[in-house]
Amino acid sequence: MDLPRTVKSLVLGMPALIKGGVPGYRAGEAQLAINLLGAPAGLLVSSGAFDEGAPLPDFCGADSGNRSPHLRWTGVPREARSLVFIVEDPDAPSVKPFVHWLVWNVDTSLTELREGAKFAVQGRNSSLRIGFAGAAPPRGDRPHRYHFQVFALGRLLELKDGTGRSALLDAMRGHILAAGELIGTYQR
C-alpha cells in the first residue's frame, strides 16, 4: 500500500465525493492499467456512440441509464487467445483509478461489443458490483476521462467472476500481445 497517496486521497480527494466540487487529489493516468502493465500498442478501439476525446452519451451515466457504449476494435494478433476490457477513470479522487468495468476471456473472433452482449467473465468494479458502473464524477467537477482499454492476451485467464482489478492485472502480466484504448469524457 502506498500510504502517502492513500492519506492524500482521503484528505484531499474524498470530501469532493461527498459534497461535490473539485477534488484536491486524483488517481492520475500513471495508475491506469494500460500504463502500469506497459502494454504494447497495436489495437485500434472505436465506438459508434462517441468519438475519441468526446463526451460519452447520457446513457453511460450512472444517473441516466448506467449502460456501456458500443465498442469496436481491430488489430488483434493471430496468436491471441482472449481479450480483456478494463474501463477506468483516472480523474477519480482516489489512490487508484475508479474501475467501471472488468471483462476477460472474451473470444478473439469478436470485433465489437454491444450492450446486452454475454461475456465470458466479469469482475468487480469499484462500486463492489459485477458489471458496468456508469460514469458519476463529483457534481461540479471538470469532465472526467473514461479510458476504455482493450488488451489481447496470449492465453485465457483462470479467474472467477467477481475478481477485482489487482488480481486481474497480476494475471495479465507477461501475457499481453497488444493493447489499445478509447477515451471519452463525462461531466455531471
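Visitor: Is Trp 73 buried or exposed?
Guide: This is a predicted model. In it, Trp 73 has a relative accessible area of 2%. Residues under 20% count as buried, so Trp 73 is buried.

Visitor: And Phe 85, buried or exposed?
Guide: Phe 85 is buried, with a relative accessibility of 2%.

Visitor: Let us turn to the sheet. What is the order of its strands?
Guide: The sheet is open and has 5 strands, in the order β6-β4-β3-β7-β8, with antiparallel pairing.

Visitor: Which strands stand at the edges?
Guide: They are β6 (121-122) and β8 (176-186). Each has a single partner strand, so one side of each lacks a neighbour in the sheet.

Visitor: How many bridges join β3 and β4?
Guide: Strand β3 (residues 82-89) and strand β4 (residues 98-106) pair over 6 bridges, in the antiparallel sense. Val 87 stands opposite Trp 101 in β4.

Visitor: Which helix packs on the sheet?
Guide: Helix α3 (residues 165-172) does, and it touches β3, β4, β7 (144-153) and β8. The direction of α3 makes about 140° with that of β3.

Visitor: A new topic: how many aromatic pairs are there?
Guide: The count comes to 3 aromatic pairs. One of them joins Phe 50 and Phe 148, with ring centres 5.6 Å apart and planes at 45°, so this pair is tilted.

Visitor: Where in the chain are Phe 50 and Phe 148?
Guide: Phe 50 lies in the loop between β1 (44-46) and β2 (71-74), and Phe 148 in strand β7, 98 residues apart. Both Phe 50 and Phe 148 are buried.

How values were computed: Residues numbered from 1 in each chain as written. Predicted model: local features only at pLDDT ≥ 70, side-chain atom pairs only at ≥ 80, totals over all residues. Heavy atoms only, no water. Pairing = 2+ DSSP bridges. Helix = DSSP H or I, 4+ residues; strand = E, 2+ residues; numbered from the N terminus. Contact = heavy atoms within 4.5 Å. Axes fitted to C-alpha atoms, helices over the stretch in contact; angles between N-to-C directions. Phe/Tyr/Trp six-rings, centres within 6.5 Å; stacked < 30°, edge-to-face > 60°. Buried < 20%, exposed > 50% of the residue type's maximum accessible area, 1.4 Å probe, protein only.
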